[in-house]
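Here is a quick tour of one model, from its sheet to its rings and helices. Keep the viewer open while you read.

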Amino acid sequence: MCIAAFAWQVHPLFPFLLLQNRDEYHNRPTKQVAWWEGGDILGGRDEVAGGTWLACSREGRVAFLTNVLELHNLPEAKSRGDLPVLFLESTKTPKEFAEELITEAHQYNGFNLIVADISSKSMVYVSNRPKGEPIAVQEVSPGIHVLSNAKLDSPWHKAQRLGPSFKEQLCQYGKGEVHVKDMLKMLMRDTVKADESKLPHICSLDWEFNLSSIFVEVDTPLGPYGTRSTAALTIKASGEVSFLEMFLDKNTWKEKTVSYYIRRPKS
């Protein structure tokens, strides 16, 4: 399902700072964060469908998504993990990409997608849910935001726990350096679940209850499901990018950091 908290254009050192948990079946083949073939896209990769949930490019473009919680998914739908890749491989502005996506957004199961270009300070949110409503395309305003499994900044239990805590931690650091690894460990391992009254009542209450925490752990007939990757993606005003991922590898938590500088356009 995934959840992400991010600060956009509000910190003097970091125009973009994101924390994200990826929830998935533990046995689903996945590659850890690395440069993809060709060397222009950095991110983890789903080895089943070939897409990603969070990635960035050497040009300073970023894309990440979460699934929308719903009762039924269409098995023949296109893979949502392709959407970040399509943006990162394109030269379209975030708004252009989002507006072109409107015509085919119905071919995917429910998604929330954020695409951003750091150099132009442009970030756009796209969602194809709720069903029957026009595709949501909106510029993301500077500020602190949380994306869970409904619309951007929806007041779900896990979002309401993560958002204020994330803001509080950033405020404690003030205008200086931010220790993102400490923030990851403090904020993204939260296993507190929602009261039944706070659940969205979309599908099975047991399933919703198990997914209601920031960090998810649940046994299913198909094997363990839950948070198997926790990432921090930071981009400094200087153009320095740091992608830290803590990930499960054969039931052991490991970590990897990849850093680089945004490639400046040739004059």
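## The sheet

Before we get to strands: two of them count as paired if DSSP finds at least two bridges between them. By that rule, β8 and strand β9 (residues 136–139) pair in the antiparallel sense, with four bridges between them. One more thing to keep in mind is that this is a predicted model.

That pairing belongs to a bigger picture. Seven strands make up an open sheet, ordered β3-β4-β5-β6-β7-β8-β9, and the pairing is antiparallel. Its edge strands are β3 (30–35) and β9, each of which pairs on one side only. Ignore direction, and neighbouring strands of this sheet are turned by 15 degrees against each other on average.

How many of the six residues of strand β8 are buried? Six of the six, for residues 122–127, so the strand is largely enclosed by the rest of the structure. In a regular strand, side chains alternate between the two faces of the sheet. Here S122, V124 and V126 point one way from β8, while M123, Y125 and S127 point the other way, and all are buried. For burial, the cut-off is under 20% relative accessible area.

On one side, β8 runs antiparallel to strand β7 (residues 111–117), and six bridges join the two. A116 has M123 as its bridge partner in β8. β7 and β8 form a hairpin with four residues between them, and K121 in the turn has a positive phi of about 55 degrees. Towards β9, V124 has E139 as its bridge partner.

## Aromatic pairs

How many aromatic pairs does a search of the whole structure find? It turns up 10. One of them is F6 with F64, an edge-to-face pair at 5.4 Å centre to centre, with 75 degrees between the planes. F6 lies in strand β1 (residues 3–8) and F64 in strand β6 (residues 61–67), so this pair ties together parts that are 58 residues apart in sequence.

Back at F6 and F64, ring pairs link both of them with W8 and F16 into a cluster.

## Charges over rings

Rings meet charges here as well. The ring of F87 has the charged end of R61 sitting over it, 3.9 Å from its centre. Elsewhere, R22 lies over the face of W53, at 3.9 Å from the ring centre.

## A helix pair

Finally, have a look at helix α3 (residues 157–173) and helix α4 (residues 180–187). Their axes come within 11 Å and cross at roughly 150 degrees. That makes α3 roughly antiparallel to α4, because angles over 145 degrees count that way. As for handedness, α3 passes α4 in a right-handed crossing.

Conventions: Residues are numbered from 1 along each chain as its sequence is written. This is a predicted model: local features need pLDDT of at least 70, side-chain atom pairs count only at pLDDT 80 or more; totals for chains, interfaces and linings use all residues. Side-chain values use heavy atoms; hydrogens and water are left out. Rings of Phe, Tyr and Trp (its six-membered ring) pair if their centres lie within 6.5 Å; planes under 30 degrees apart count as stacked, over 60 as edge-to-face and the rest as tilted. A charge sits over a ring if NZ of Lys or CZ of Arg is within 6 Å of the ring centre and within 35 degrees of the ring normal. Buried means under 20% relative accessible area, exposed over 50%, partly exposed in between (1.4 Å probe, protein chains only). Axes are lines fitted to C-alpha atoms, for helices over the stretch in contact, and angles run from 0 to 180 degrees between N-to-C directions. Angles under 35 degrees count as roughly parallel, over 145 as roughly antiparallel, 65 to 115 as roughly perpendicular and the rest as oblique. A crossing is left-handed if the near helix is turned anticlockwise from the far one by less than a right angle, and right-handed if clockwise.
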